[in-house]
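Dear colleague,

Please find the structure below, handed over for your own work. The findings follow directly after it.

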Amino acid sequence: MAVKPPRDPQDVGYTWPTILAVAVHLLVIVFSLIKLPSMSAEPDSSSIVQATFVSTETFTDQAQQVTEQQAAMNNAAEPDVTEPEPPSDEPSAEQQAAEAAAAQREAEAAAQAAEQAEALEQAQAEAEAQAQRRAEEAERLAEQQEAEAQAREAEEQRARDEAEAQRQREAEAERVRAEAEAQRQREAEEQREREEEAQRQREAEEQREREEEAQRQREAEEERAREEAEAQREREAEEQRQREAEAQRQREAEAQRAREAEAQREREAEERRAAEAAEAAMQRQLAGEAEAAANAQQAQQAANSFINIVRRAVEQAWLIPPAASDSMSATIQVRLGPSGELLATSVVSSSGDSAFDRSAMQAVEHAAPFSELRDLAAEQQRTLRQFNLRFTPGDVR
């Protein structure tokens, strides 16, 4: 803030002299308009006393102006002097009265002019004193204002300095807060990155574990599928074997039925031949009835003996499975050749356990051949070349 230069005490403003000059001129104009014969009130000096402006003119000039104005007022107050009429020899009473009145008016006018001059001088003195006081007051006020301005300037400067210091402190505090906030944000960001990295590692570990678990499950599922496929293949193979065995049994049964039918036809043919020959052989039959009965009994005994031989051989060769129970039972059909050799075996009635059925068939295979068949008669050989054996644990029939 700029500092005002010191005020010169001799420097008088234009305000008060201007007001004083205007007031004096107005007073002169008022006196010039007043008629001497009339009685007018004294001019109000409040306009002079209450003036608020000071002129730049010096007091000497002001006094000279007042003197000139007073002289003008005196000249204006003097009545017009006319040439007196030549007195008559004997002035009348009216003239004397008029002259007395005129003299009275002149005396009053002179007294009024003297009073006005005195009032003007007093007003001038008071104006000068008022101007002096105003000048001193203005100078004091100026100095006071200058001091107050300097104080305000110093206060403002101090306030600006304090504000600047406060701003710098706040800026420093803001910078410290910003740095602390930035540090906190960096630490929070680093913490967040560490947590995210740890989370990613946990997720990767969990993903790897899930993949390993899924791989184990897939492998277990594949192994289970392989086992199930293998079990399915075994079941299908077993079913195929059973179907083949069943088909074989059916074929053998069909062959057996064909053989039986052939045997039936042969028996029927034999019966027909026998019937045809019956009459012719009646006598021979009657003659050899006793011998035939003996031979039939002998043949039956021979057949029973052969079956017993086969049963004992099969029982000795049969290895009963450990899981077999007494409630199990299987019927095996046996086909022999002319010399007692084993041609085929088939399951006529299964026990429900393939191992049990296989063990029965293997027992027949191990016990063969049955050469005792050759010792029988031809008719008995034909009859005993195909028969069934029923296997139960502890008993073979």
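In what order do the elements of the protein run from the N terminus on? The order is α-α-α-α-β-β-α-α-β-β, which comes to six helices and four strands. Please note that the model is predicted.

Overall figures. Of the 397 residues in the protein, 20% are buried. The accessible surface comes to about 28000 Å², and carbon and sulfur atoms account for 51% of this area. Among contacts between residues at least 6 apart in sequence, 74% join residues at least 24 apart.

Helix α1. This helix covers residues 15-33, 19 residues in total, and reaches 28 Å from its first C-alpha to its last, close to the expected 27 Å. Its buried residues are W16, P17, L20, A23, V24, L27 and F31. They lie on the same side of α1 because they cover an arc of only 130 degrees around the axis. In general, an α-helix has 3.6 residues a turn, so residues three or four places apart point the same way. The face of α1 turned away from the buried side carries L26 and L33, which are exposed.

Nonpolar core. The largest nonpolar core has 25 residues, and F306, V314, F370, L389 and F391 touch the most other members. At least two residues of this core come from each of α4 (93-317), β1 (330-336), α5 (354-367) and β3 (386-392).

Residue T392. Strand β3 also holds T392. This residue counts as buried because its relative accessibility is 12%, under the 20% cut-off. Leaving aside residues up to four places away in sequence, T392 touches W318, M328 and S329.

With kind regards

Conventions:
Residues are numbered from 1 along each chain as its sequence is written. This is a predicted model: local features need pLDDT of at least 70, side-chain atom pairs count only at pLDDT 80 or more; totals for chains, interfaces and linings use all residues. Side-chain values use heavy atoms; hydrogens and water are left out. The expected span of a helix is 1.5 Å times one less than its number of residues. Buried means under 20% relative accessible area, exposed over 50%, partly exposed in between (1.4 Å probe, protein chains only). The arc is that of the directions from the helix axis to the C-beta atoms. A nonpolar core is a set of buried Ala, Val, Leu, Ile, Met, Phe, Trp, Tyr and Cys residues joined through side-chain atoms within 4.5 Å. Contact means heavy atoms within 4.5 Å. Accessible areas come from the Shrake-Rupley method with a 1.4 Å probe; for residues, only the protein chains shown count as cover.
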